[in-house]
Amino acid sequence: MSSSQAQADLAGNGRAGRRRPRMSGIARKEAIAGYIAISPWLLGFLIFQLVPILAALYISSTEWRILSVPEFIGLRNFDKLLFNDDLFWQSIKVTVIYVIFRVPFSAMLSLALALLMNQQLAGRRLFRTIYYLPAVIPLVAVSMMWIWIFNPEYGVMNSIIRVFGIEGPQWIHSSRWALPALIIMSLWQVGTGMVIFLAGLQGIPAHLYEAATIDGANTWQKFLSITLPMLSPVVLFALVMNVIGSFQIFTQAYIMTGGGPGNATLFLVLYIYRNAFEWFHMGYAAALAWVLFLVVLIISIIMLRSSERWVHYEGRMGGA
Amino acid sequence: MKTVISWPSNRYQLLHWSNRALIHLLAVAGAAAFLIPFLWMISTSLKPMEKIFQYPPQWMPEPILWRNYVEALTVMPFALYFRNSIFVTVLSVVGQILSSAVVAYGFARLRFPGRDILFIILLATMMLPWQVTMIPLFILFRNLGWINTYYPLIVPNFLGGSPFFIFLLRQFFLTLPLELDEAAKLDGCGPFRILWQILLPLAIPGLTTVAIFSFLWNWNEFLWPLIVLNDIDKWTIPLGLNGFRDQYGTDWNHLMAASFVASLPVIIIFFMFQSYFIQGIATTGAKG
């Protein structure tokens with residue numbers, strides 16, 4: 001569809017809204033300009049998001065080795081992944097474990113750092129820079145650094161552990177420690193979360209704390225009854241985005257472990273990548289990608305729904 | 001607790017000072033932990049090979065081998081990868097700024113039926129794991145003959161760019177007074193001239209934030225270029241670094257030197273525009 005056609009269609013829809021009084025000439029001009037303004041996004045959304053998602057659903061119902069013609073096989077790909085593919089379940093297991101550990105730990109660490117940065121601290125800007133910097137470095141470079149950090153004999157991680165007289169594990173070379181290693185590494189990149197929380201903390205009005213101080217509340221009580229509730233919308237946002245992002249982990253595993261050892265770090269996106277671009281099972285890879293999409297969608301909805309119980313919004317004070 | 005009141009009593013004063021000391025101690029300890037990986041990378045990058053496999057590790061390289069950097073950057077065509085990365089990144093940044101500014105303007109300032117629902121759809125797409133679109137997009141670009149070209153990396157950025165940037169700029173436009181538009185309209189300005197001549201110059205801080213994040217994300221992108229670029233001489237920096245490791249996997253000094261150089265542009269940009277980073281994340285909560 002050409003862009004002018006798309007705009008004409010949309011402008012037509014606008015005109016067809018009969019329940020409202022007819023638009024004046026000026027309003028219609030503004031509406032047309034509005035559709036033109038958002039048309040780059042609308043086209044991008046249709047071409048690069050909506051149509052591909054639906055196309056992926058169609059491809060997932062085919063057996064398609066890129067060079068041949070796609071052959072319709074119905075739900076057989078989903079049947080295979082659910083009941084006949086240990087690697088799929090391994091990739092789900094590994095990804096879910098990563099998300100379950102990474103998200104809460106990084107939330108706690110970034111909240112702790114944000115609380116620290118919210119104190120009167122000499123050189124606060126410098127500290128903030130140091131904590132945030134790891135989050136901007138290219139992930140490929142970060143992965144290279146951490147392969148060397150996790151080197152069992154000469155890496156800095158185990159030489160620090162050796163100071164305590166313990167011999168550290170084999171980290172990314174051990175099927176038991178590879179996943180924890182990637183989780184530890186991800187905690188180095190909590191800078192973004194820290195800045196989000198810091199902005200949230202600075203938005204809490206000081207008079208709430210002053211009132212609580214007059215009432216004789218201690219620091220811990222103030223944290224529980226002012227900081228956490230006031231921060232909860234930000235926490236919800238950060239958690240949801242972090243869960244979504246964590247489900248997409250790929251680069252670290254591709255570079256550092258190649259999914260191993262023994263598939264210990266075969267994350268879902270890595271498994272999708274292998275199926276599609278190393279083994280050229282386009283149909284099966286598309287089915288896996290749809291599983292990723294559904295899992296992320298369902299978990300996001302659950303998180304947003306459950307948030308009504310624990311997220312505090314301004315203007316709805318009081319009531320437990 | 002933001003304001004610590006100095007109580008007249010000595011006991012409280014003592015508590016206050018020990019608290020402050022503890023806070024500084026924590027901050028310093030944390031900073032040390034965060035800096036160790038960097039120091040380790042830089043230290044390794046300057047060491048001769050025989051000093052790398054040594055226990056206990058030596059933090060200060062002795063002798064300092066600057067030529068590791070020259071060697072690392074010349075055994076593979078890193079200058080070419082830099083050029084490729086800059087080409088892709090600059091065009092992507094331009095595309096993302098232009099398209100997200102126009103779209104954000106539409107959502108912030110112009111009234112049209114369906115605006116709110118479309119904006120909600122836009123926000124919802126922030127939560128989409130893009131890998132679900134990866135296979136159809138690969139097939140689309142393959143049919144267009146665009147595989148192994150830079151089009152798949154650049155063209156989508158001209159069509160809307162990123163919902164984060166649209167959201168960020170929309171919030172920014174909303175803070176500019178509406179009277180500006182009204183006055184220009186009375187003078188006979190059309191909506192796009194208002195954007196171009198009046199709002200964009202005022203939105204430069206917002207546009208800068210977008211430019212910086214766009215640079216960062218495009219420079220660091222790995223999976224999508226990995227899929228669409230095949231030829232070694234088309235590689236971007238992250239692909240080059242990955243290829244370097246495949247060939248010279250245990251040359252840790254060279255690998256660390258190359259990794260450091262690959263990170264350097266982002267580090268420089270980060271130090272130059274730090275406040276924009278912080279501002280951008282604070283408004284959008286960009287990328288967990």
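In chain B of this predicted model, 77% of the contacts between residues at least 6 apart in sequence join residues at least 24 apart. The chain contains 15 helices and 0 strands, and buried residues make up 42% of its 288 residues.

| Property of chain B | Value |
|---|---|
| Radius of gyration | 25 Å |
| Span of the C-alpha trace along its principal axes | about 75 × 75 × 35 Å |

One helix of chain B can be described in detail. Helix H11 covers residues 204-220, a run of 17 residues. From the first C-alpha to the last, H11 of chain B reaches 24 Å, close to the 24 Å expected at 1.5 Å a residue. Because 12 of its 17 residues are buried, H11(B) is largely enclosed by the rest of the structure.

The largest nonpolar core has 162 residues. Those touching the most other members are A:Met194, A:Ile272, A:Leu288, A:Ala289 and A:Leu292 from chain A, and B:Ile135 and B:Leu169 from chain B. With residues up to four places away in sequence left out, A:Leu288 touches A:Leu81, A:Phe88, A:Leu268, A:Tyr271, A:Ile272 and A:Asn275.

Key
Residues are numbered from 1 along each chain as its sequence is written. Chains are lettered from A and ligands numbered from 1 in the order in which they are written. This is a predicted model: local features need pLDDT of at least 70, side-chain atom pairs count only at pLDDT 80 or more; totals for chains, interfaces and linings use all residues. A nonpolar core is a set of buried Ala, Val, Leu, Ile, Met, Phe, Trp, Tyr and Cys residues joined through C-beta atoms within 7 Å. A residue is buried if 20 or more other C-beta atoms lie within 10 Å of its own, exposed if 12 or fewer, and partly exposed in between; C-beta atoms are placed from the backbone. Two residues are in contact if their C-beta atoms, placed from the backbone, lie within 7 Å. Helices (H or I, at least four residues) and strands (E, at least two) are DSSP runs, numbered from the N terminus. The radius of gyration is taken over C-alpha atoms; the globule rule is 2.2 Å times the number of residues to the power 0.38. The expected span of a helix is 1.5 Å times one less than its number of residues.
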